[in-house]
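The following paragraphs lead the reader through one structure. Please keep the sequence and the 3D view at hand while reading.

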Protein chains: 2
Amino acid sequence: MIQTLDVHTPAHSYPIYIGSGLISHAADYLRPHLGSRAAIITNTTVAPLYLQAIETACRQLGTDCFSIILPDGEAHKTAESLNHIYTSLLENHADRQTTILALGGGVIGDMAGYAAATYQRGIPFVQIPTTLLSQVDSSVGGKTGINHPLGKNMIGAFYQPQAVIADTDCLRTLPAREFSAGMAEVIKYALLGDAEFLSWLEEHTPAIMQQQTDLLAQTIYRCCQMKADIVGQDEKEKGIRAHLNLGHTFGHAIEAQMGYGNWLHGEAVAAGMVLACRLSEHKGYLKTSDIQRVIRLLQTAALPVCPPKFDAGTWLAHMQHDKKTKPDKSGWWFCKNWDKPP
Amino acid sequence: MIQTLDVHTPAHSYPIYIGSGLISHAADYLRPHLGSRAAIITNTTVAPLYLQAIETACRQLGTDCFSIILPDGEAHKTAESLNHIYTSLLENHADRQTTILALGGGVIGDMAGYAAATYQRGIPFVQIPTTLLSQVDSSVGGKTGINHPLGKNMIGAFYQPQAVIADTDCLRTLPAREFSAGMAEVIKYALLGDAEFLSWLEEHTPAIMQQQTDLLAQTIYRCCQMKADIVGQDEKEKGIRAHLNLGHTFGHAIEAQMGYGNWLHGEAVAAGMVLACRLSEHKGYLKTSDIQRVIRLLQTAALPVCPPKFDAGTWLAHMQHDKKTKPDKSGWWFCKNWDKPP
């Protein structure tokens with residue numbers, strides 16, 4: 001069964017299609033969103049798996065398309081890759097009627113979305129996320145961008161896609177470790193105040209880990225819906241949207257200190273959520289039994305629940321660079337007096 | 001007398017302050033728009049003239065500021081300069097509470113505005129345009145961006161400032177040729193359907209060329225108001241906003257073929273408007289006497305009214321790259337059969 005979630009943003013509304021077999025029937029889902037030309041942006045890992053299916057769909061729709069294939073990985077989410085995209089768009093005479101199709105995980109989605117936001121001051125784009133992380137997290141919210149040598153995601157824009165096509169079949173080709181990393185964000189949504197979804201997830205995570213299709217689609221739908229609700233209240237991250245960063249301030253510090261790619265983003269967020277829970281416990285907001293529940297769920301999803309051991313100064317140095325930083329005495333106090341990592 | 005024009009955009013409303021002495025009393029105008037930190041982005045020509053006044057204003061307001069001084073000229077409106085801005089913002093720990101002050105002409109306004117649009121996905125900025133062109137044209141409309149080696153203004157975003165401070169005193173330090181180039185855009189507004197403003201301008205252009213302060217302020221106010229009306233109807237340039245490009249399709253071709261900087265943008269637009277008028281005459285929309293009136297006004301402002309001589313293929317090649325290009329048989333026919341340049 002294919003589910004469609006309509007996301008409403010100040011700019012426009014767009015559908016997220018979720019289910020099995022979407023890429024093999026891509027023409028059906030791309031039809032309302034493609035004009036005469038398309039630029040498919042993907043990477044060397046995803047291209048051999050799904051590029052041909054998307055090219056075929058374009059051909060079926062009479063859309064003239066060309067591809068831009070980038071190297072895979074966070075290390076390539078740079079100004080150089082972005083410039084390669086711009087040059088290729090210009091060499092292929094892409095205009096404002098050209099649609100960018102972002103085919104890949106979060107890195108491709110962020111970069112292709114940012115290229116769409118800034119090429120000729122904005123052209124349409126469609127997300128085709130191929131990882132669990134990007135399906136649950138990048139499909140909603142309009143965050144696009146690239147890294148700068150001095151900071152991750154420091155350059156970017158809020159820019160909304162015309163549509164998102166989240167095919168659960170893609171997840172079969174995803175390494176187990178990356179699937180787990182995506183589950184970290186899923187669990188984050190369950191922790192953001194939806195007790196019913198948390199219980200449901202505790203019951204079904206073993207089957208989700210086996211990639212049972214309907215459960216997967218329901219999970220993705222529920223996460224996208226929660227994110228859409230939150231982003232709808234605060235598109236530009238001035239208030240409640242910061243909740244979506246549960247575990248991310250610690251998580252970003254882990255990623256940065258360990259070197260990007262050594263800990264996957266979702267793994268760092270998993271350990272970061274445990275730390276955030278311990279901070280809450282320390283401040284008297286959470287019970288130890290609640291934390292045990294979180295840890296058990298993360299472990300069922302094969303995620304790390306202990307951070308690497310850094311000294312307090314290292315944590316502080318990274319956390320001060322977080323975009324959402326607002327000095328908070330009690331928070332810093334906790335870090336400064338950190339002698340026993342949880 | 002200081003005039004204030006309030007511009008309403010979908011994102012937010014902002015004031016344009018227009019008049020004499022604004023920079024020497026900058027603290028009064030910056031007060032509502034500055035937080036704890038500011039980054040002043042300017043160039044090597046403007047810095048010796050006005051940077052100190054803006055730094056003093058920041059100091060008076062208790063705003064901690066630092067400056068980023070770029071080389072002057074369109075040749076530096078590049079990804080390299082932009083990256084220099086990002087690096088400097090990061091090295092100075094600029095955050096989302098830091099305001100960018102764009103102090104300079106169109107190039108600084110476009111680049112600093114684009115840096116503000118994309119640094120940490122958007123931080124506030126205030127325009128302090130120091131040329132006539134940027135005061136009448138860049139103050140309204142939210143177009144920001146940089147050039148790409150394969151095309152001018154190909155990378156950019158629509159992004160609105162918090163305020164614009166247009167000090168007519170700045171124009172006294174502007175070379176005469178650049179003042180004239182700004183007048184080309186002023187005359188463009190008069191041609192966009194406001195017969196009364198056109199007559200007023202025909203009467204007052206000699207005094208405006210002498211920089212009579214009140215007339216200058218009235219002129220800038222009227223142009224910003226007209227642009228705000230048009231942009232208000234069509235922020236993202238899907239329809240009527242294209243009118244603002246009167247003369248620009250020909251003008252961009254002249255700039256590109258002659259090499260940027262050899263013909264100033266306004267000079268190319270002046271000759272481009274004459275060509276556009278001739279095209280209208282050819283199609284039966286304008287009388288020869290109307291064109292004579294346009295030419296006379298441009299000449300009063302010391303602007304060129306004849307384009308350089310290119311063959312038809314050269315014009316076509318450049319005009320096909322225009323972002324607003326939509327094939328139009330009669331238009332192309334006119335170009336293809338161009339044997340006598342006007």
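B:His248 lies in helix 9 of chain B, which spans residues 248-258; helices here are DSSP runs of H or I with at least four residues, numbered from the N terminus. Because its relative accessibility is 5%, B:His248 counts as buried, a class that means under 20% relative accessible area, with exposed over 50% and partly exposed in between (1.4 Å probe, protein chains only). The side chain of B:His248 makes a polar contact of 3.0 Å with that of B:Glu185 and another of 3.3 Å with that of B:His265. A polar contact is a pair of N or O atoms within 3.5 Å; within protein, one must be able to donate a hydrogen and the other to accept it, and residues adjacent in sequence count only if both atoms are side-chain atoms.

This is a predicted model, in which local features need pLDDT of at least 70 and side-chain atom pairs count only at pLDDT 80 or more, while totals for chains, interfaces and linings use all residues. Residues are numbered from 1 along each chain as its sequence is written, chains are lettered from A and ligands numbered from 1 in the order in which they are written, and side-chain values use heavy atoms, with hydrogens and water left out.

Two threonines of chain A may be considered next. A:Thr205 is found in helix 7 (residues 195-209) of chain A, and with a relative accessible area of 0% this residue is buried. A polar atom of its side chain lies 2.6 Å from the backbone oxygen of A:Leu201. Not counting residues up to four places away in sequence, A:Thr205 touches A:Met183, A:Leu297, A:Thr300 and A:Ala301, where contact means heavy atoms within 4.5 Å. A:Thr56, in helix 2 (residues 47-60) of chain A, counts as partly exposed because its relative accessibility is 29%. A polar atom of the A:Thr56 side chain lies 2.8 Å from the backbone oxygen of A:Gln52.

How do two helices of chain A pack? Helix 10 (residues 265-282) and helix 11 (residues 288-300) of chain A pack at an angle of about 175°, with their axes 10 Å apart; axes are lines fitted to C-alpha atoms over the stretch in contact, and angles run from 0 to 180 degrees between N-to-C directions. Helix 10 of chain A is therefore roughly antiparallel to helix 11 of chain A, a term for angles over 145 degrees. Among the residues that meet are A:Met273 and A:Cys277 in helix 10 of chain A and A:Ile291 and A:Leu298 in helix 11 of chain A.

Conventions: Angles under 35 degrees count as roughly parallel, over 145 as roughly antiparallel, 65 to 115 as roughly perpendicular and the rest as oblique.
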